[in-house]
Amino acid sequence: MSQQVQGVIAPGKNEPVRIETIVIPDPGPGEAVVKIQACGVCHTDLHYKQGGINDDFPFLLGHEAAGVVESVGEGVTDVAPGDFVVLNWRAVCGQCRACLRGRPWYCFDTHNAKQKMTLLDGTELSPALGIGAFAEKTLVAAGQCTKVDPEVSPAVAGLLGCGVMAGIGAAINTGQVGRGDSVAVIGCGGVGDAAIAGARLAGAAKIIAVDIDDRKLETARTMGATHTVNSRSTDPVEAIRALTDGNGADVVIEAVGRPETYKQAFYARDLAGTVVLVGVPTPEMQLELPLIDVFGRGGSLKSSWYGDCLPSRDFPMLIDLHQQGRIDLGAFVTETIGLGDVEQAFARMHDGDVLRSVVVF
């Protein structure tokens, strides 16, 4: 038996989103139906809407979500109906060469639900990042469900499903920020601010926030930045070096995803320092660096995909730290909205007015 729910779809490239009736099939083997309680409006959803991911329209948008498992299919043992879960878009397989080497956060064969959700006329939907959570319910692979403490607010918990986890993980997992380190973060949107919060959590002594918007820099200070640099008026490389005794930062996290800002990150790090790219570039972007500089500076150039997180390990840990008051995940929630407000939320995001708008059901 299938069921019908309301959800937000992107019907075509750059077309306004709209609410449609979505048909959700019963879960098959290895699948789960989740009743969504909250879902953040992430920039990746806007990329889908603009055709920046692929042209597999219509998309069922939304992926940064938390909710309650309603039903599970055959063979599912890790979650059960009634479990409060955060959805993740990288359900590890446990069998690929990365998983078998004990590095499941690099899993090369992550999976999604095999069945398709559809419109009433049978049109198959492409769920954003294999989730599609701007809907009252959604169908996912059971491995995409990570149990966390049900006492936490769904609007807060859901943020770990993408942007906040990406930023925190870029600092802690990929950048391996340590006690006493100097850290610079270029780009202070939701992901960049999460990287700042992660660096503070890891014990960084100096955290330098770089952006072109003074409003974002002020928010970055509330997240843990010790210094701010407006790169519209100040050379960020020189400023970061000046703030680190002329050396550059131990770890520089690039949360924009552009060649210009990546070069700034590259030259703003200390010798043998680390650059972490967590900002998402577009396919046509090209990077050119003198190879002698890559060789001569040593250190590490890393990319961070989903913060190199392992949801089963990292989601419950961060929820616990939030509940202990050691990291304020709630600070990322700028506003809560309804399902019909997603288009306006995209506009506010584009204008830089919010860290996260969260759809609450």
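This is a predicted model: local features need pLDDT of at least 70, side-chain atom pairs count only at pLDDT 80 or more; totals for chains, interfaces and linings use all residues.
- Strand E11 (residues 182–186) runs parallel to E14, and four bridges join them. To find this pairing in the structure, look for valine 183, whose bridge partner in E14 is valine 251.
- On we go to strand E14 (residues 249–254) and strand E15 (residues 269–277), which run parallel and are joined by five bridges. Here isoleucine 253 has valine 276 in E15 as its bridge partner.
- E15 also pairs with strand E16 (residues 300–303), in the parallel sense and over four bridges. In this pairing, threonine 274 stands opposite serine 300 of E16.
- A handy thing to remember while you look at any sheet is that side chains in a regular strand alternate between its two faces.

**How the chain gets from strand to strand**

- How is the β-α-β unit of E14, helix H8 (residues 259–267) and E15 handed? That unit is right-handed.
- E15 and E16 are linked through a helix as well: the chain crosses by way of helix H9 (residues 291–297), and this β-α-β crossover is right-handed.

- Strand E1 (residues 3–10) and strand E2 (residues 18–24) are paired in the antiparallel sense, over seven bridges.

**Helices packed against each other**

- Helix H4 (residues 163–174) packs with H5 at an angle of about 45°, and their axes are 7 Å apart. That angle makes H4 oblique to H5, and their crossing is right-handed.
- The H4 side of this contact includes Gly163, Val164 and Ala166, while the H5 side includes Val191, Ala194 and Ala195. Sorted by class, the contact of H4 with H5 has eleven nonpolar residues, three polar ones and no charged ones.
- Helix H5 (residues 190–202) also packs with helix H6 (residues 214–223), at about 25° and with axes 9 Å apart. H5 is therefore roughly parallel to H6, and H5 passes H6 in a right-handed crossing.
- In this contact, Asp193, Ile196, Ala197 and Arg200 of H5 meet Thr219, Ala220, Thr222 and Met223 of H6. The residues involved divide into four nonpolar, two polar and two charged.
- What is the angle between H4 and H10? The angle is about 100°, with the axes 12 Å apart, and the two helices are therefore roughly perpendicular to each other.
- Met165, Ile168 and Asn173 of H4 make this contact with Arg313, Asp314, Phe315 and Leu318 of H10. By class there are four nonpolar, one polar and two charged residues in the contact of H4 with H10.

**Backbone spots worth a look**

- Phenylalanine 57 and proline 58 are joined by a cis peptide bond, with omega about -5°. Proline 58 sits in the loop between helix H1 (43–49) and strand E4 (59–60).
- Leucine 129 has a phi near 50°, a positive value in a residue other than glycine. You will find leucine 129 in the loop between strand E8 (126–127) and strand E9 (137–141).
- Tyrosine 306 has a positive phi too, near 65°, and is a residue other than glycine. Its place is in the loop between E16 and helix H10 (311–323).

Conventions: Residues are numbered from 1 along each chain as its sequence is written. Side-chain values use heavy atoms; hydrogens and water are left out. Axes are lines fitted to C-alpha atoms, for helices over the stretch in contact, and angles run from 0 to 180 degrees between N-to-C directions. Angles under 35 degrees count as roughly parallel, over 145 as roughly antiparallel, 65 to 115 as roughly perpendicular and the rest as oblique. A crossing is left-handed if the near helix is turned anticlockwise from the far one by less than a right angle, and right-handed if clockwise. Contact means heavy atoms within 4.5 Å. Ala, Val, Leu, Ile, Met, Phe, Trp, Tyr, Cys and Pro count as nonpolar, Asp, Glu, Lys and Arg as charged, and the others, Gly among them, as polar. Two strands pair if DSSP finds at least two bridges between them. A crossover is right-handed if, with the strands pointing away from the viewer, the path from the first strand over the helix to the second runs clockwise.
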